[in-house]
Amino acid sequence: MRRLLAALALPLGLTACAGAPKVAGEDGSGPAFALERTFAGRGTGRGVFRNTLTGSTRPFKVVFNGRRTAQGLELAEDIAYADGETERHVWRFRRVGPGRYEGRRDDVVGVATGVESGNTLRLSYDVKLKTGGSTAQVHFEDTLVLRGPGAVENKARVSKLGVPIGTVDIAIRMAAPRR
């Protein structure tokens, strides 16, 4: 279980029993969140995973590279943890209706679902984490709030079998797209 908890800290990457986390200012009064526009281009983020069971933390930095596609958005995330471990994840988001998305990534079980509302995007998905020689399935509930041009706040709750095990907080800065 310790390896599982140490491995957690996946951004976007996103509790089943408590619902999506509340983020101050997600009242829709800010700029409209549009996944393809918000994450097009390059960006960076700084974040931390907090283990709610042990109180430990795991800081990380992430570089985003988003590219619009005919269906929606492809978003690569290159993650560097403070302990030296690195990961790469590539999301493929497809718009399935007004303000609604499906997302896929190699370690996501099934399909992630996303819903935009005002300046907020909520993502819900399960991830298979590699922990040592085994894997464990955990659930993510991400709330991403667009604070202004290129500024996104991501808060996520992480749970296993409905039990909260951690939170992820990321401050993201996307560069202005080139015209």
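**Strands, core and ring pairs**

Biologist: In the hairpin of strand 4 and strand 5, which glycine takes a positive phi?

Modeller: The model is a predicted one. In it, two residues lie between the strands of this hairpin. The residue with a positive phi, near 70°, is glycine 99.

Biologist: In strand 5, what is the bridge partner of arginine 92?

Modeller: Strand 4 and strand 5 (residues 100–104) run antiparallel and are joined by five bridges. Arginine 92 has its bridge partner in strand 5, and that partner is arginine 104.

Biologist: Is arginine 105 buried or exposed?

Modeller: Arginine 105 sits in the loop between strand 5 and strand 6 (108–117). Its side chain makes a polar contact of 2.5 Å with the side chain of aspartate 107. The relative accessibility of arginine 105 is 6%, and the cut-off for burial is under 20%. Arginine 105 therefore counts as buried.

Biologist: Strand 3 and strand 4 form a hairpin; how many residues are between them?

Modeller: Strand 3 (residues 72–81) pairs with strand 4 (residues 86–97) in the antiparallel sense, over nine bridges. In the turn, glycine 84 has a positive phi of about 100°. The number of residues between the two strands is four.

Biologist: Which residue in strand 4 is the bridge partner of alanine 80, and how is alanine 80 placed?

Modeller: Alanine 80 belongs to strand 3 and, because its relative accessibility is 37%, counts as partly exposed. It touches Phe60, Lys61, Glu85 and Thr86, leaving aside residues up to four places away in sequence. Its C-alpha atom is 9.8 Å from that of arginine 46, which is 34 residues apart along the chain. The bridge partner of alanine 80 in strand 4 is threonine 86.

Biologist: In what order do the strands close into a barrel?

Modeller: The barrel has 10 strands, and the pairing is antiparallel. Neighbouring strands of this sheet are turned by 25° against each other on average, direction ignored. Strand 9 and strand 10, for instance, pair over 10 bridges, and valine 158 has glycine 166 in strand 10 as its bridge partner. The order is 1-2-3-4-5-6-7-8-9-10.

Biologist: How many residues has the largest nonpolar core?

Modeller: Among the residues with the most contacts inside this core are Phe33, Tyr125 and Phe140. Elements that give two or more residues to the core include strand 2 (57–68), strand 7 (120–131) and strand 8 (134–148). Phenylalanine 33 touches, among others, Phe39, Leu121, Leu144 and Val152. The core has 33 residues.

Biologist: Are the rings of phenylalanine 60 and tyrosine 81 stacked or edge-to-face?

Modeller: The count of aromatic pairs comes to six. In this pair the ring centres are 5.9 Å apart and the planes stand at 65°, where over 60 degrees is the cut-off for edge-to-face. The pair links strand 2 with strand 3, 21 residues apart, and both phenylalanine 60 and tyrosine 81 are buried. The planes are at 65°, so the pair is edge-to-face.

Biologist: Are the rings of tyrosine 125 and phenylalanine 140 stacked or edge-to-face?

Modeller: Tyrosine 125 lies in strand 7 and phenylalanine 140 in strand 8, so the pair ties together parts 15 residues apart in sequence. The centres are 5.2 Å apart and the planes are at 0°, so the pair is stacked.

Note on methods. Residues are numbered from 1 along each chain as its sequence is written. This is a predicted model: local features need pLDDT of at least 70, side-chain atom pairs count only at pLDDT 80 or more; totals for chains, interfaces and linings use all residues. Side-chain values use heavy atoms; hydrogens and water are left out. Two strands pair if DSSP finds at least two bridges between them. Buried means under 20% relative accessible area, exposed over 50%, partly exposed in between (1.4 Å probe, protein chains only). A polar contact is a pair of N or O atoms within 3.5 Å; within protein, one must be able to donate a hydrogen and the other to accept it, and residues adjacent in sequence count only if both atoms are side-chain atoms. A nonpolar core is a set of buried Ala, Val, Leu, Ile, Met, Phe, Trp, Tyr and Cys residues joined through side-chain atoms within 4.5 Å. Contact means heavy atoms within 4.5 Å. Axes are lines fitted to C-alpha atoms, for helices over the stretch in contact, and angles run from 0 to 180 degrees between N-to-C directions. Rings of Phe, Tyr and Trp (its six-membered ring) pair if their centres lie within 6.5 Å; planes under 30 degrees apart count as stacked, over 60 as edge-to-face and the rest as tilted.
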